[in-house]
Each structure stands twice: as C-alpha cells, then as structure tokens.
Amino acid sequence: MRKAIYAAAVLLAFLEAGCSSTEIQLLAIESDMCVLTENENTSVAIRQGNGDYTVHSDDEHVALAGFCRAGKCPGNVVLTGVAGGQTWVDVTDNLTGERSRIKVVVVSPADDLAGL
C-alpha cells in the first residue's frame with residue numbers, strides 16, 4: 001500500500017512540474033517604421049514577448065540594429081543610421097520564432113538639403 005501511495009505522490013509531482021503558469025507572449029513592437037538621420041540613434045520598444053530576441057538589419061550599410069538588454073534602454077531595439085537609404089530590421093522572438101519587421105529609412109544631409 002505504501003508503494004502505491006508513494007508512486008501516486010511521485011506521479012502527481014511530475015504532473016504538477018509539467019504544468020507551468022508561464023504563458024507564451026506574442027511578439028509586439030512599438031512601431032513598424034522608423035525614420036532617422038545618419039549617425040542618429042533611436043530605439044523601438046518591444047511591448048510584449050518572451051525576453052530572448054535576435055535583431056538583424058538586412059543592410060548594415062544603411063542602418064545597424066541591436067537589442068539593448070540593460071542600461072538606459074532595456075528591452076528595446078536600438079537603431080543607428082549609417083547612410084542614406086532604406087532597409088528592414090527583423091526582430092525575432094527566439095522562444096516562439098515569431099518575427100516582426102521594422103522598415104528603417106535613413107535620411108542623409110544631402111537629402112535634407114534637396115528637399116529645401
């Protein structure tokens with residue numbers, strides 16, 4: 001009888017350990033477009049997700065992208081304008097594989113003057 005009670009207790013412990021109260025969060029970012037100038041830094045907040053992200057710029061000659069884990073901008077995608085042009089930045093939630101894209105437009109000083 002003791003063995004049956006012990007086996008039931010062990011089984012119950014395994015079942016409870018398998019049930020987690022942590023819910024998977026869908027990825028949500030603050031904006032899907034950003035306009036900045038050369039050498040300007042800006043950030044886009046990740047509003048919701050699971051905390052582990054990969055950030056990638058399609059064209060690092062136009063804009064650099066990274067994920068700020070600490071400091072002044074925790075939980076944000078940090079964008080830096082490199083040269084005039086357009087590119088896309090992908091933000092991927094590594095837990096779910098879900099991806100959001102940010103269109104990045106970098107305006108060069110020559111573009112600003114041409115608009116006058």
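Leaving aside its neighbours within four places in sequence, Gly66 touches Val55, Asn76, Val77 and Val78, where contact means heavy atoms within 4.5 Å. The model is a predicted one, in which local features need pLDDT of at least 70, side-chain atom pairs count only at pLDDT 80 or more, and totals for chains, interfaces and linings use all residues. Residues are numbered from 1 along each chain as its sequence is written, and side-chain values use heavy atoms, with hydrogens and water left out.

Back to Gly66, then. This glycine sits in strand β5; strands (E, at least two residues) and helices (H or I, at least four) are DSSP runs, numbered from the N terminus. Gly66 counts as partly exposed because its relative accessibility is 24%, given that buried means under 20% relative accessible area, exposed over 50%, and partly exposed in between (1.4 Å probe, protein chains only). Leu79 is 13 residues away from Gly66 along the chain, yet the two C-alpha atoms are separated by 6.8 Å.

One of the contacts of Gly66 is Asn76, a residue of strand β6. With a relative accessible area of 14%, Asn76 is buried. Setting aside neighbours within four places in sequence, Asn76 has contacts with Ser43, Val44, Ala45 and Ile46, and also with Gly66, Phe67 and Cys68.

Strand β5 is joined to β6 in the antiparallel sense by 6 bridges, and Leu64 has Thr80 of β6 as its bridge partner. Strand β6 (residues 76-81) also runs antiparallel to strand β3 (residues 41-48), with 5 bridges between them. Within β6, Val78 is the bridge partner of Ser43.

Now for the other sheet. Another 4 strands form an open sheet with mixed pairing, in the order β2-β8-β7-β4. Here β2 and β4 (53-57) are at the edges with a single partner strand each, so one side of each has no neighbour in the sheet. On average, neighbouring strands of this sheet are turned by 25° against each other, direction ignored; axes are lines fitted to C-alpha atoms, for helices over the stretch in contact, and angles run from 0 to 180 degrees between N-to-C directions.

The pairing in this sheet can be followed strand by strand. Strand β2 (residues 33-37) has Cys34 and Leu36 on a covered face, while Met33, Val35 and Thr37 are on an uncovered one. Its pairing with strand β8 (residues 99-107) is parallel and spans 5 bridges, with Thr37 opposite Val107. Strand β7 (residues 85-93) pairs with β8 in the antiparallel sense, over 8 bridges, and Gly85 stands opposite Val106 of β8.

Of its 116 residues, 25% count as buried. Among contacts between residues at least 6 apart in sequence, 56% join residues at least 24 apart. The accessible surface is about 7,700 Å², with 56% of that belonging to carbon and sulfur atoms; the areas come from the Shrake-Rupley method with a 1.4 Å probe, and for residues only the protein chains shown count as cover.

Last comes confidence. The mean pLDDT (the predictor's confidence in each residue, from 0 to 100) is 83, and 76% of residues reach 70 or more. Where pLDDT is low, predicted coordinates should not be read in detail.

Definitions and conventions: Two strands pair if DSSP finds at least two bridges between them.
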